[in-house]
Amino acid sequence: MAFRLLLGISSTLLRARLRQSIVAAVGVTFSIAMYIALSGFMNGLNSLLDGLILNRTPHIRLYNEIRPVDEQPLERAFDHYSAGGNAEAHHFISRIKPKGDEARVRNALGIMDALRKDPRVLGIAPKVAAQVMFNVGTIEVNGAVNGIDPKEEDRLLHFSDYLVQGTVAQLANTGNGIVLGKGLADKMQVGLGDVVQVTSIQGDRTMLKVVGFYQSGMADFDNVQCFATVSTVQNLLVRPRNYITDIQVRLHDLTLAPAMAREYAARFGVDAIDIQTANAQFETGSAVRNIISYVVSIVLLVVAGFGIYNILNMLIYEKLDSIAILKATGFSGGDVRTIFINLSLIIGICGGLVGLALGWLLQLVIDRIPFKFEALPTVTTYPVDYDPMYPTIGILFALITTFVAGWFPARKASQVDPVEIIRGK
Amino acid sequence: MSNGDPVIETRKVSKYFHDPVTAQVLKEVDLVVQRGEYASIVGKSGCGKSTLMYILSTMDTDYEGELFLDGERITGLSNDRLSRIRNEKIGFVFQFHYLISEFSVLDNIILPGLKLGRFSRAELEERAMGHLRTMGIDHQARKMANQISGGEKQRVAIARALINDPLILMCDEPTGNLDSRNSAIVEDIFKRISSEHHRSLLVVTHDDELASRTDRIITMDDGRIVAS
């Protein structure tokens with residue numbers, strides 16, 4: 001009851017200075033709207049750019065690096081021989097070369113089963129990488145075909161974001177289908193439905209039907225990389241079902257990646273690399289952009305705060321009589337302070353709420369501005385992040401600024417000595 | 001006067017002004033106002049009568065001596081406590097009306113009542129209308145405070161002072177801004193408040209006619225009460 005009374009007095013006083021109050025509220029409105037629009041836009045752009053790396057990269061990649069054996073068999077024999085006291089012996093065999101199916105992950109199917117049962121793992125996508133030649137007329141063009149599980153690849157690594165033509169389902173359902181890199185396809189002058197001839201390094205030839213085009217925005221990549229299903233590539237290489245060269249793992253929690261990569265490397269006896277090691281520097285840009293948007297918004301809000309401070313000071317000066325009589329008739333200093341802080345908060349809340357709406361509208365507008373981005377062919381307008389965190393922070397900012405801006409004039413009002421005012425008349 | 005029932009009482013109240021030079025404006029004033037008494041304080045300009053009234057009003061706390069209201073020692077109480085006491089026990093009428101122009105006449109009157117919270121809004125409005133009716137301005141109740149005449153404003157201010165049934169009504173030059181006709185109306189109202197409701201009134205005034213209609217005239221000179 002008491003608070004409602006004070007609130008009623010606040011809003012009545014506000015009506016006395018309606019125009020200036022609206023101007024002050026508009027200041028808050030603009031700063032909040034700008035903050036929301038700016039943050040949404042900045043972060044949309046940030047996550048788009050981060051996504052270029054983050055979305056395409058598995059959190060952990062298990063593979064088998066081709067390397068010579070650490071210890072040549074002959075050296076073992078020599079150690080044994082030396083231990084027998086025959087120090088003079090020497091051999092000329094430098095090393096045994098890597099051989100056979102080294103590129104494949106051993107026991108890949110077993111490892112995949114184990115990974116699927118790990119609760120920390122969001123999902124896994126197997127990959128078979130193959131170096132191939134495309135026969136174009138009389139010449140041959142180098143290429144690489146990646147055998148993937150299209151559905152998992154799309155779920156975990158956003159494969160469809162980079163498809164300019166064709167769909168994930170078409171790739172999955174077409175036997176011997178292939179998605180060509182855009183640059184490679186242009187070079188070969190093939191269209192959807194055409195058949196291309198692929199030769200593996202071992203010399204096996206296969207005919208593959210083009211079902212889509214892929215564009216990552218990186219020319220070197222688009223001129224070489226192609227995608228087909230795991231089984232198509234296994235057939236192409238004439239390898240069995242368990243021939244998998246990479247196991248790509250996505251985790252629920254990205255930060256666990258380095259530790260888990262070490263764990264898997266030890267547990268499965270494979271090489272494992274985590275995303276942080278693979279891409280160390282990309283977070284810096286996002287942090288800088290975030291700081292800029294916060295600084296701009298805080299500056300706007302401080303300006304709005306000064307506006308409110310001014311108006312309240314003016315209002316208090318004008319309303320000294322009212323303050324004096326309120327105090328004479330039994331309102332305490334605290335009551336008077338509450339009245340003026342309420343006044344400031346009403347301006348802040350009204351301005352802030354309109355600001356929320358305006359900010360949201362601005363976001364919608366930005367979201368509709370055309371934007372061509374080579375690296376992400378599916379993106380056609382500017383990206384906007386509609387994270388509810390920004391409106392929340394915005395309205396909190398507005399409340400805090402208006403409270404602080406209202407506090408000092410309100411304290412001054414609460415200290416008005418009614419005797420001085422009344423005797424002065 | 002010791003056989004009465006004092007509403008307000010001062011014991012050796014002294015007051016100094018320090019600006020521009022230290023000067024004693026009240027010199028050990030002892031004053032008792034009884035319940036139901038209608039008293040006026042008169043004296044030359046600068047004799048300290050207004051200063052005394054503001055000390056009695058509890059708004060001025062910078063004095064020496066003791067102040068009692070309704071048997072309770074007021075001196076040294078916290079500002080919040082004093083606000084509460086003013087709200088409940090003292091009504092004020094000043095030379096200027098001090099109505100809040102953004103509120104209606106009725107809202108201006110019931111504001112102190114809403115603060116006290118003893119009566120509901122509806123009851124307060126009814127009481128306010130009663131006061132306005134006895135002063136002959138009930139038809140103006142819904143108007144904004146700045147839309148009525150000066151004499152009416154002063155009557156509204158009196159109604160506001162009465163809304164919480166105060167023990168004592170303190171008035172500082174209540175007719176100072178009014179023409180003779182409106183002054184006469186205000187004088188009549190005061191007389192009626194005193195005689196019909198047996199409320200205490202303490203009026204500081206220059207107006208000899210107003211003073212002459214009070215039950216007791218307290219004359220001050222140079223910070224002292226010289227006759228009462």
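Author: Helix 2 of chain A passes helix 14 of chain A in a right-handed crossing. The model is predicted: local features need pLDDT of at least 70, side-chain atom pairs count only at pLDDT 80 or more, and totals for chains, interfaces and linings use all residues. Residues are numbered from 1 along each chain as its sequence is written, while chains are lettered from A and ligands numbered from 1 in the order in which they are written.

Reader: Why is helix 1 of chain A called oblique to helix 14 of chain A?

Author: Their axes cross at roughly 55° and come within 8 Å. Under 35 degrees counts as roughly parallel, over 145 as roughly antiparallel, 65 to 115 as roughly perpendicular and the rest as oblique; therefore helix 1 of chain A is oblique to helix 14 of chain A.

Reader: Which residues of helix 1 of chain A meet helix 14 of chain A?

Author: Among them are L6(A), I9(A) and L13(A), and the helix 14 side includes I339(A) and L343(A). Contact requires C-beta atoms, placed from the backbone, within 7 Å.

Reader: How many residues link domain 1 and domain 2 of chain A?

Author: Five residues of domain 1 of chain A are in contact with six of domain 2 of chain A. The domain centres, taken over C-alpha atoms, are 53 Å apart.

How values were computed:
Domain bounds come from an automatic or database domain assignment. Two residues are in contact if their C-beta atoms, placed from the backbone, lie within 7 Å. A crossing is left-handed if the near helix is turned anticlockwise from the far one by less than a right angle, and right-handed if clockwise. Helices (H or I, at least four residues) and strands (E, at least two) are DSSP runs, numbered from the N terminus. Axes are lines fitted to C-alpha atoms, for helices over the stretch in contact, and angles run from 0 to 180 degrees between N-to-C directions.
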